[in-house]
Protein chains: 2
Amino acid sequence: MSDAMTPEAIDAFLHEPRLCAFATVDVEGNARVRPLWYLWQNGEFWFTTRTAVRHTGRDLRTHPRVAVSVASEDRPYRAVVAHGTPAVLDKDLDMLLAISTRYGEESGRRWSQASMTEADRVLLRMRPDSLVTWDYGSSA
Amino acid sequence: MSDAMTPEAIDAFLHEPRLCAFATVDVEGNARVRPLWYLWQNGEFWFTTRTAVRHTGRDLRTHPRVAVSVASEDRPYRAVVAHGTPAVLDKDLDMLLAISTRYGEESGRRWSQASMTEADRVLLRMRPDSLVTWDYGSSA
């Protein structure tokens with residue numbers, strides 16, 4: 001059996017440097033999914049993508065609503081699945097650093113500097129309008 | 001930079017007991033994604049879901065085409081993203097065991113026995129019509 005996570009457990013789980021699976025609907029109406037970095041801050045997800053050279057970014061033009069899954073492969077299984085419509089924002093070095101250095105300080109800094117030169121690089125900010133959680137370890 | 005994986009590297013990567021992110025399109029045309037067990041065998045994915053009590057299974061009725069991502073959270077990042085239209089097949093104890101015991105022998109056996117009693121439990125068999133891979137460790 002699984003229980004929902006408490007708000008504190010959600011924050012702790014999403015603070016770990018996991019990848020999310022970021023699912024969009026393509027221009028033909030088919031599902032697409034990609035692993036993506038994220039940052040969870042004050043009840044919102046932040047992502048970064050490119051609106052021209054990345055499928056994920058292009059899909060948002062025609063289908064702005066997305067689904068995001070963050071799941072543990074280690075037991076007990078835990079997962080957070082969110083839906084929402086991200087706001088597409090101009091890139092910002094501080095926020096690119098905040099996202100990328102979660103996954104490695106030095107590599108994140110290098111990546112952020114390079115990404116600031118990409119004309120189509122954007123930030124996505126998403127407050128979930130639905131958030132479903134599972135924790136298979138909280139009961140048993 | 002990333003390279004594509006060799007067929008042997010794909011088989012080895014997908015043989016590990018990772019979760020996949022299984023993305024569908026819901027009846028309203030929005031993206032949905034869930035963590036899901038899978039088995040990769042002879043160039044095909046096997047999954048299991050329920051066609052009535054699981055969103056994932058219900059979505060297949062109206063949008064049978066899906067997207068699947070398997071990604072490593074450990075460095076170097078590697079990922080396999082596949083698209084296809086799974087065949088929905090009657091459940092079968094041997095195949096439920098083959099999928100579930102990848103993730104734990106004893107728990108998989110218990111889970112499979114219980115799942116055989118679920119009227120809407122099915123198997124999904126998917127030969128990808130597209131398979132994209134990334135390996136950020138093969139070059140550098």
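**Entry 1: A:Arg102**

I began with A:Arg102 and, leaving aside neighbours within four places in sequence, found this residue in contact with A:Pro17 and A:Leu39. The model I am reading is a predicted one, and I keep that in mind throughout. For A:Pro17 I looked up the separation from A:Arg102 as well: the two are 85 residues apart in sequence, yet 5.8 Å apart in space, C-alpha to C-alpha. A:Arg102 itself sits in the loop between helix H3 (93-100) and helix H4 (105-115) of chain A.

**Entry 2**

I followed the strands of chain A next and noted an open sheet of five, in the order E2-E1-E5-E6-E9, with antiparallel pairing. Which strands lie at the edges? They are strand E2 (31-36) and strand E9 (130-135) of chain A, each of which pairs on one side only. From one strand to the next I noted an average twist of 15 degrees.

At the E9 end of the order I looked at the pairing in detail: strand E6 (residues 78-84) of chain A and E9(A) are joined in the antiparallel sense over six bridges, and A:Arg78 stands opposite A:Asp135 in E9(A). Helix H1 (residues 7-15) of chain A packs on this sheet, where it touches strand E5 (66-71), E6 and E9 of chain A, and its direction makes about 95 degrees with that of E6(A). Helix H2 (residues 55-62) of chain A also packs on the sheet, but touches strand E1 (20-25) and E2 of chain A, with its direction at about 45 degrees to that of E1(A).

**Entry 3: strand E5 of chain B**

I turned to chain B and asked how many residues of E5(B) are buried. The count is six of its six residues, so that I recorded the strand as mostly covered. B:Val66, B:Val68 and B:Val70 point one way from E5(B), whereas B:Ala67, B:Ser69 and B:Ala71 point the other way, and all are buried. I set beside this the general rule that in a regular strand the side chains alternate between the two faces of the sheet.

For the partners of E5(B), I found antiparallel pairing with E1(B) over three bridges, in which B:Ala21 stands opposite B:Ser69. E5(B) and E6(B) also pair in the antiparallel sense, over six bridges; there the bridge partner of B:Ala67 is B:His83. A hairpin of six residues joins E5(B) to E6(B).

**Entry 4: backbone exceptions**

In the loop between E5 and E6 of chain B lies B:Pro76, which a cis peptide bond joins to B:Arg75, with omega at about -5 degrees. I checked chain A and found a cis bond between A:Arg75 and A:Pro76, with omega again about -5 degrees; A:Pro76 is in the loop between E5 and E6 of chain A.

I also looked up a positive phi, near 55 degrees, at A:Asn42, a residue other than glycine. A:Asn42 is in the loop between strand E3 (39-41) and strand E4 (44-50) of chain A, and I list it as exposed because it has 7 other C-beta atoms within 10 Å. B:Asn42 likewise has a positive phi of about 55 degrees, and counts as exposed with 7 C-beta neighbours inside 10 Å. I noted both kinds of feature because most residues other than glycine have a negative phi, and most peptide bonds are trans.

**Entry 5: how the two chains meet**

The contact takes 21 residues from chain B and 21 residues from chain A. On the side of chain B that touches chain A, strand E1 (20-25), strand E2 (31-36), strand E5 (66-71) and strand E6 (78-84) of chain B each supply at least two residues, and the largest share, five residues, comes from E2(B). By class, I recorded twelve nonpolar, four polar and five charged residues on that side. Why do I write that the copies meet through the same surface? It is because 100% of the interface residues of chain B are also interface residues in chain A.

Last, I looked at B:Val33, whose contacts beyond four places in sequence include A:Ala21, A:Ala23 and A:Val33 as well as B:Ala21, B:Phe22 and B:Ala23. Of the 64 residues in the largest nonpolar core, A:Ala23, A:Val33, B:Ala23 and B:Val33 touch the most other members.

Technical notes:
Residues numbered from 1 in each chain as written. Chains lettered and ligands numbered in written order. Predicted model: local features only at pLDDT ≥ 70, side-chain atom pairs only at ≥ 80, totals over all residues. Helix = DSSP H or I, 4+ residues; strand = E, 2+ residues; numbered from the N terminus. Contact = placed C-beta atoms within 7 Å. Core = buried A, V, L, I, M, F, W, Y, C linked by C-beta atoms within 7 Å. Buried ≥ 20, exposed ≤ 12 C-beta atoms within 10 Å, placed from the backbone. Nonpolar A, V, L, I, M, F, W, Y, C, P; charged D, E, K, R; others polar. Pairing = 2+ DSSP bridges. Axes fitted to C-alpha atoms, helices over the stretch in contact; angles between N-to-C directions.
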